[in-house]
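Let's take a friendly walk through a protein model together. Keep the sequence and the 3D view open as you read.

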Amino acid sequence: MSEHGQLPDFKSLSKRLMAYGLVVFAEFSLGGEDAVVPGTGLSAEDFVAKVLLEYATGKIKHQKSRGSLMTVLSTAMRNDIIDALRKKSHKLEETRATITVDEDSEGEDHEKPALDQFPQSLAPDPSSVVDEDEYRARVRAVVDNEPPLKDLVEAVLDLELYKPEDIADALGTSAADIQNRKKKLRRRLCQSELVHSTEEEGRTL
Amino acid sequence: MKRRTPEETRNRINRLSEALFGVPEEVGEEEAEQALREVGLDTEALQERVYQRLYAEAQQYWKAQKDLPTLLKKALDDLRPLSAPPRNEAELARQAKTSVERIVEKSKLLASALVPDAPLTFAESYRNKQGMTEADRKSIDAVQEQLKKKIERLKGKDDKGQ
């Protein structure tokens, strides 16, 4: 049941969750509708379907005290995505073998490691994806030349202001304007990741 | 520098995310539709794929002869694709209505592509034709006027319908 005791509109919920899922993916450098968590093959759609299924079958309960239904499901989905990214990075750390080539050894008939044994330079390093400094750097890169959005990013990252009212005071604007900038930033983030993923595809073709 | 636990890092990133990109609740339906369009995602196809997953889960309940949880039933009803066979009169009516609405929408788009927004000007080359009587000219002028009015009426209806 929803927060008002009514059954939710799953059509609307699935669209909103998917849009939010794309934002979360973009926050961690995964852009476009076909993006997947590296090594798991899980897309934003997979995470949306999972939380909707868990909610529909009662595994996730919606309690008013935890916020709106959208908040509860989005938080569960966000945690699932971050867990998947983190698990993948642990797995990689555990299985990553040291590749050494002894160029000086003569007379030994040793095989050189295959190219795919080396880390791919274009692929994001999963161990750094869930890293705060990397996260900050990614966000800054998105708003490089857009003053209103850049101001918002600097207020949060440099001045450590988190409430819209505090950010608005620091920037000499209204809280409503800050909410609008956040909306633009969500859009800009997804667009930048979409462009980034298209460029990467072009390079690999 | 203090080494943070994964949980602490996650909480800090989540806090930054909320301050920068807002809380999930702020993503409204309209914004969501726009965002999905921008990445080229077909929302109907998305809903159909989610439906298929929920349907697969529902089959487990049916096989075990258990009642579906209320929320799962509602989710299946909401996300049921139009291509699925109707189960009752109401569903048939809903599908028919949606299909007709789509056809009307497409024909409107077609009409707006055919009828230009700019004021219409007719090529009046007949005015210089030799051998035309005044009555002929008046008749052709009247036809031209009627055509103009008819197109304006169509455009007016189209605008109201949008």
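G32(A) sits in the loop that links α1 (10-27) to β1 (36-37) of chain A; helices (H or I, at least four residues) and strands (E, at least two) are DSSP runs, numbered from the N terminus. G32(A) counts as buried because it has 22 C-beta neighbours inside 10 Å. A residue is buried if 20 or more other C-beta atoms lie within 10 Å of its own, exposed if 12 or fewer, and partly exposed in between, with C-beta atoms placed from the backbone. Between the C-alpha atoms of G32(A) and E132(A), which are 100 residues apart along the chain, there are 23 Å.

A word on what you are viewing: this is a predicted model, in which local features need pLDDT of at least 70, side-chain atom pairs count only at pLDDT 80 or more, and totals for chains, interfaces and linings use all residues. Residues are numbered from 1 along each chain as its sequence is written, while chains are lettered from A and ligands numbered from 1 in the order in which they are written.

S29(A) also lies in the loop between α1 and β1 of chain A. S29(A) is partly exposed, because 18 other C-beta atoms are within 10 Å. Most residues other than glycine have a negative phi. The phi of S29(A), however, is positive, near 65 degrees. E160(A), not a glycine either, has a positive phi of about 55 degrees. You will find E160(A) in the loop between α6 (147-157) and α7 (164-171) of chain A, and with 11 C-beta neighbours inside 10 Å it counts as exposed.

Now look inside. The largest nonpolar core has 65 residues; such a core is a set of buried Ala, Val, Leu, Ile, Met, Phe, Trp, Tyr and Cys residues joined through C-beta atoms within 7 Å. α1(A) gives the most to this core, with 11 residues. V23(A) is among the residues with the most contacts inside the core. Leaving aside residues up to four places away in sequence, V23(A) touches R186(A), L189(A), C190(A) and F21(B).

How many residues of chain B are in contact with chain A? The number is 41, and they meet 48 residues of chain A, where contact means that the C-beta atoms, placed from the backbone, lie within 7 Å. On the chain B side, α1(B) gives the most, with 11 residues.

Terms used:
Two residues are in contact if their C-beta atoms, placed from the backbone, lie within 7 Å.
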